[in-house]
Amino acid sequence: MRIKPLGDRVVLKRVEAEEKTASGIILTGAAKEKPQFAEVVAVGSGIVDGKEIEMEVEVGDKVIYNKFAGTEVKIDKDEFIVLKIEDIVGILV
Amino acid sequence: MRIKPLGDRVVLKRVEAEEKTASGIILTGAAKEKPQFAEVVAVGSGIVDGKEIEMEVEVGDKVIYNKFAGTEVKIDKDEFIVLKIEDIVGILV
Amino acid sequence: MRIKPLGDRVVLKRVEAEEKTASGIILTGAAKEKPQFAEVVAVGSGIVDGKEIEMEVEVGDKVIYNKFAGTEVKIDKDEFIVLKIEDIVGILV
Amino acid sequence: MRIKPLGDRVVLKRVEAEEKTASGIILTGAAKEKPQFAEVVAVGSGIVDGKEIEMEVEVGDKVIYNKFAGTEVKIDKDEFIVLKIEDIVGILV
Amino acid sequence: MRIKPLGDRVVLKRVEAEEKTASGIILTGAAKEKPQFAEVVAVGSGIVDGKEIEMEVEVGDKVIYNKFAGTEVKIDKDEFIVLKIEDIVGILV
Amino acid sequence: MRIKPLGDRVVLKRVEAEEKTASGIILTGAAKEKPQFAEVVAVGSGIVDGKEIEMEVEVGDKVIYNKFAGTEVKIDKDEFIVLKIEDIVGILV
Amino acid sequence: MRIKPLGDRVVLKRVEAEEKTASGIILTGAAKEKPQFAEVVAVGSGIVDGKEIEMEVEVGDKVIYNKFAGTEVKIDKDEFIVLKIEDIVGILV
């Protein structure tokens with residue numbers, strides 16, 4: 001069972017706030033406006049009102065997104081966030 | 001007696017918050033922004049101001065929607081939510 | 001004396017909150033966002049700024065509308081609501 | 001001395017809240033969102049930003065308008081309201 | 001020294017609140033939403049983002065404007081208001 | 001070192017609030033909505049989203065602007081304001 | 001590891017608030033609306049909804065931006081801000 005996002009939405013799976021990446025870097029959210037790190041697990045069609053929105057992310061991307069955006073969903077033990085592509089601000093590369 | 005939704009609206013029937021699905025998974029809303037699970041029971045024409053909005057759901061779909069969206073209606077014992085397609089964020093597949 | 005609604009507006013006459021319908025069903029508004037049941041008594045031209053808005057309701061329709069929308073008017077003993085078609089969410093059929 | 005309304009504005013002269021009409025009907029504003037009855041005394045050109053807005057009322061019409069809209073003006077003893085056509089919801093006919 | 005208004009703005013010079021006009025009429029602002037009487041002293045080009053806004057007033061017009069609109073400026077002893085044409089609701093004629 | 005404003009922005013250098021002009025006039029901000037006098041020191045390209053915004057001011061103009069608009073910058077001892085052309089309401093001529 | 005900004009976003013690296021520049025000038029934020037100085041470290045594609053937004057900055061530019069805009073991110077010891085080009089008001093040149 002998984003979530004198929006509608007329109008220009010993306011499903012993210014939260015990455016632990018202080019995760020150690022392969023390169024040994026610690027990711028932490030800044031104090032004032034906590035950034036959010038998460039992994040893309042599903043990408044919507046990008047079609048909204050007949051127009052195509054460019055979905056600039058792919059499944060597997062680690063992304064930074066707006067803290068207050070989206071809808072949280074818990075399925076079994078996993079936590080997901082469904083949010084619009086416009087609320088993803090950047091990709092970690 | 002049933003509700004025919006106007007324009008780009010959809011009628012949902014609430015699914016119990018902690019329902020056990022066929023595959024045995026428990027669905028629960030996350031704490032911070034409670035997701036809402038519901039089943040689509042009617043889909044509007046999708047015509048708004050002469051433009052056609054893509055109605056990406058079908059009757060029978062289990063969907064996740066924005067908690068604060070829509071109008072609640074009780075007919076006999078059943079509870080329905082009438083809301084716009086834009087407030088449905090994803091489909092459980 | 002009656003109200004002719006302008007543009008994409010509709011005139012509704014309130015239906016008693018706990019009305020028993022022909023089929024014996026009791027209509028009641030849900031607690032959180034009280035739905036409103038009313039009967040359409042007049043429909044505007046649908047012309048707004050030279051564009052035609054589709055007026056998806058007809059005189060006699062029982063409709064559900066947004067609680068906080070529109071302007072209430074009392075003529076003699078009757079209570080009417082004048083509101084835009086976009087604030088009517090569905091028709092009871 | 002009179003007021004020439006600009007653009008899509010209309011000048012109304014307030015009708016007493018509990019006026020007895022020719023047909024003997026008492027007009028009163030409902031409690032929650034007091035409707036406002038007034039008579040149209042002047043109608044603007046309807047031109048706004050080069051586009052023509054349909055001015056659906058005529059001088060002499062008794063109209064219902066949004067309570068919180070417009071600018072009140074007192075000239076000598078008379079009270080007028082200058083408001084946009086979009087804030088007139090219906091005509092008494 | 002004078003103010004040249006930019007775009008669709010107009011410069012007004014305030015008229016005393018209880019001024020006696022030529023015809024002997026006293027102009028006063030109604031209590032609830034005090035109308036404002038003023039005389040047009042300068043009119044902008046009406047060009048905003050390459051589009052031409054119709055400037056429906058002329059220097060010398062006595063106008064009614066929205067109380068909360070515009071920027072007040074005092075030059076020497078005179079008080080001026082610089083505001084957009086959309087905030088002028090009517091002309092006294 | 002100077003500030004190059006982006007898009008439809010302008011850089012202003014504040015003029016003392018009670019400055020005596022060449023013609024001997026004292027400029028002061030009215031009480032209610034203090035106008036702001038400043039001198040234009042740089043003008044942006046006027047290009048925003050591929051459209052050209054008319055930049056109606058030139059370097060050296062004394063302008064009146066909206067008090068709450070823009071970003072203040074201090075370089076060495078000088079105070080500058082960077083704001084959009086739409087927040088400049090008029091030019092002193 | 002670095003941040004690739006999406007759409008019309010830019011990644012900035014904060015410059016110390018009271019930095020001494022090559023020319024010996026001290027940069028400080030004014031009291032009322034603290035300007036923010038930062039260096040551009042990455043620039044997005046500028047494509048938003050199929051339209052191209054002019055990205056008027058380059059990597060290495062020292063820029064002034066709106067204090068309340070964007071998302072802060074901390075990677076290892078460095079602090080970054082991801083924000084839209086529209087929130088960059090000027091370049092120090």
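In what order do the elements of chain A run from the N terminus on? They run β-β-β-β-β-β-β-β-β-β. This is a predicted model, in which local features need pLDDT of at least 70, side-chain atom pairs count only at pLDDT 80 or more, and totals for chains, interfaces and linings use all residues. Residues are numbered from 1 along each chain as its sequence is written, chains are lettered from A and ligands numbered from 1 in the order in which they are written, and side-chain values use heavy atoms, with hydrogens and water left out.

**View 1. The fold of chain A.** Chain A has 0 helices and 10 strands. Helices (H or I, at least four residues) and strands (E, at least two) are DSSP runs, numbered from the N terminus. Of the 93 residues in chain A, 49% are buried. Buried means under 20% relative accessible area, exposed over 50%, and partly exposed in between (1.4 Å probe, protein chains only). Among contacts (heavy atoms within 4.5 Å) in chain A between residues at least 6 apart in sequence, 62% join residues at least 24 apart.

**View 2. The interface of chain A and chain B.** Chain A brings 22 residues to the contact and chain B brings 24 residues. The two chains bury about 2,100 Å² between them, with 55% of it on carbon and sulfur atoms. Buried area is the accessible area (1.4 Å probe) that two parts lose on being put together, summed over both. Met1(A), Leu6(A) and Glu72(A) supply 32% of the area that chain A buries against chain B, more than any other three residues.

**View 3. Strands and polar pairs at the interface.** The rule finds 7 residue pairs in polar contact across the interface of chain A and chain B (both at pLDDT 80 or more). A polar contact is a pair of N or O atoms within 3.5 Å; within protein, one must be able to donate a hydrogen and the other to accept it, and residues adjacent in sequence count only if both atoms are side-chain atoms. Strand S1 (3-5) and strand S8 (71-75) of chain A each supply at least two residues of the side that touches chain B. S8(A) gives the most to that side, with 5 residues.

View 4. Asp49(C) lies in the loop between strand S5 (47-48) and strand S6 (51-52) of chain C. Its phi is near 55°, a positive value in a residue other than glycine. Asp49(C) is partly exposed, with a relative accessible area of 46%. Asp49(G) has a positive phi of about 55°. Asp49(G) is partly exposed, with a relative accessible area of 45%.
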